[in-house]
Amino acid sequence: RSEPMRIRDFLAAFTLLLLAFLIYGLIAGGWIKPRGEITIAGGPDGGAYAVFARELATQLRTQEDGRLRGLTMITSGSRENISLLRKGEAEFGLVQSAPPEGDEITLVAPLYSEILHILIRQADKSTIRGVSDLRRKRVALGEAKSGTREVAGFVLKHFGVEAETRTVSPHVGITQLLSGEVDALCFLAAMHAPLLDKALSNGSLSLVPVANRDELVGMCSRTPHLVVTSIPPASYHGGASGALPEHEVATVGLESLLVCHRDVRPGVVRNVAEALFRGRARMTGRIPGLAQIQEPDNTRWLPYPVHRGADAYYRRGEPGFLERYAEVIALIFSLGLSAMAGIAALRKLSIRRKKNRIDAFYTQLGEVMEDVIGKNLSSDEMERVEGELWRIRKVAFKALTRDKLKADESFRILQD
């Protein structure tokens, strides 16, 4: 390939490299906003997860001016959301903190604590005072792939309680509890979840503890994602029954998390994290538990690694990509300019040398022509002159193939 082509290739490659470096810096720094559509897997209709997913989608639509739209899915809860993320049917989802299975799921943000509520009818308060009293009772445990069913099932198994369990949604479970079709309902939810507030305000239901605090400490020592907690007295409006519960209710809880698949683009995850924390004041009006939301740190046990896009948002106060690598970028740019200047100088030197070589061939040609012009040469002398001319031509072509001459007008005149 000719020298000018090599120089052009080098300049094009250097320019593309520099542009790619700058574009990456702008994206990493959040200056370029992504576009598209994401799906957020929520939870049962009317539950806190479904409400949260809708509120987050609304905040995204407001913040991103329609560039990044959020669609929401009604699901059975945590377990189904994990499955949807793994199958690629959703990009984001709400899950309960639990030991992870596989490494496809990453953390966007911890949200709020969810507490296991055990609801019974007011009329059964004297006979059902805790989980142990649910033996051989009819208990609504939530939907098949819900976090409620997983946690409540673990609790019943730990205390050796064999109950007649029902796989129903919280909505259906509350209806069955009020009608007497079940004796108790287990519901893992944030304090003041809309469905809980509405159910307890009926005046016909009450709350019972899981067990005493010491027993719960022992149970939670078996698994790091469950913690001992309580429902303070008078947390709920109990209608005609007065504020509920009458006394502190010992129970267990865990943390709810906003997660995403690890392959979701960092720019998208960063924008979702930003929407969450910017909109938390507004969303807390619908989901009081969001008042607890904090950016993750190294002092908390979290089951999933933080997605690099969310991590970029949490490190937004640190120097950005372009700031951190400004000196490196400047050095690369300077070296590139120096290289281009050096190449230009070498090119000029090469052109000058080629011109000098073509001049040398013209000098040799002139010397040969001096022996011919105005003279009557014998056939032997003419043969010698022709041989010399062919030698000059051959040497010139050889120099051309070795890129020591330039195939310009001067070379063509020489060959003619």
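This is a predicted model: local features need pLDDT of at least 70, side-chain atom pairs count only at pLDDT 80 or more; totals for chains, interfaces and linings use all residues.

Residues are numbered from 1 along each chain as its sequence is written, and side-chain values use heavy atoms, with hydrogens and water left out.

**The whole protein**

Show the cartoon, where the protein has 14 helices and ten strands; helices (H or I, at least four residues) and strands (E, at least two) are DSSP runs, numbered from the N terminus. Of the 416 residues, 43% count as buried, where buried means under 20% relative accessible area, exposed over 50%, and partly exposed in between, with a 1.4 Å probe and protein chains only. A contact means heavy atoms within 4.5 Å, and among contacts between residues at least 6 apart in sequence, 77% join residues at least 24 apart.

**The cysteines**

Select Cys220, which is buried with a relative accessible area of 11%, and then Cys260, which counts as buried at 0% relative accessibility. The structure holds zero disulfides, a disulfide being a pair of cysteine sulfur atoms within 2.5 Å.

Next, select helix H2 (residues 48-63) together with helix H8 (residues 266-278), whose axes come within 9 Å and cross at roughly 105 degrees. Here the axes are lines fitted to C-alpha atoms, for helices over the stretch in contact, and angles run from 0 to 180 degrees between N-to-C directions. Angles of 65 to 115 degrees count as roughly perpendicular, under 35 as roughly parallel, over 145 as roughly antiparallel and the rest as oblique, and H2 and H8 are therefore roughly perpendicular to each other. Show side chains, and you will find residues of H2 including Phe52, Leu56 and Leu60 in a contact whose H8 side includes Val272, Ala275 and Leu276.

**The loop between E9 and E10**

Move on to the loop between strand E9 (227-231) and strand E10 (249-261), where Ser235 lies. Is Ser235 buried or exposed? At 15% relative accessibility, Ser235 counts as buried, and, not counting residues up to four places away in sequence, Ser235 touches Met191, His192, Leu244 and Pro245. Pro245 lies in this loop too, and the peptide bond from Leu244 to Pro245 is cis, with omega near -10 degrees. Ala234, also found in the loop between E9 and E10, has a positive phi of about 60 degrees although it is not a glycine. Both features deserve a second look, because most residues other than glycine have a negative phi, and most peptide bonds are trans. Ala234 is partly exposed, with a relative accessible area of 49%.

Select Arg136, in the loop between strand E4 (105-121) and strand E5 (138-140), where phi is near 65 degrees, a positive value in a residue other than glycine. Arg136 is exposed, with a relative accessible area of 70%.

Finish at Gly289, in the loop between helix H9 (280-284) and helix H10 (308-314), which counts as buried at 6% relative accessibility. Gly289 and Ser113 are 176 residues apart in sequence and 7.1 Å apart in space, C-alpha to C-alpha. Leaving aside neighbours within four places in sequence, Gly289 is in contact with Leu111 and Tyr112.
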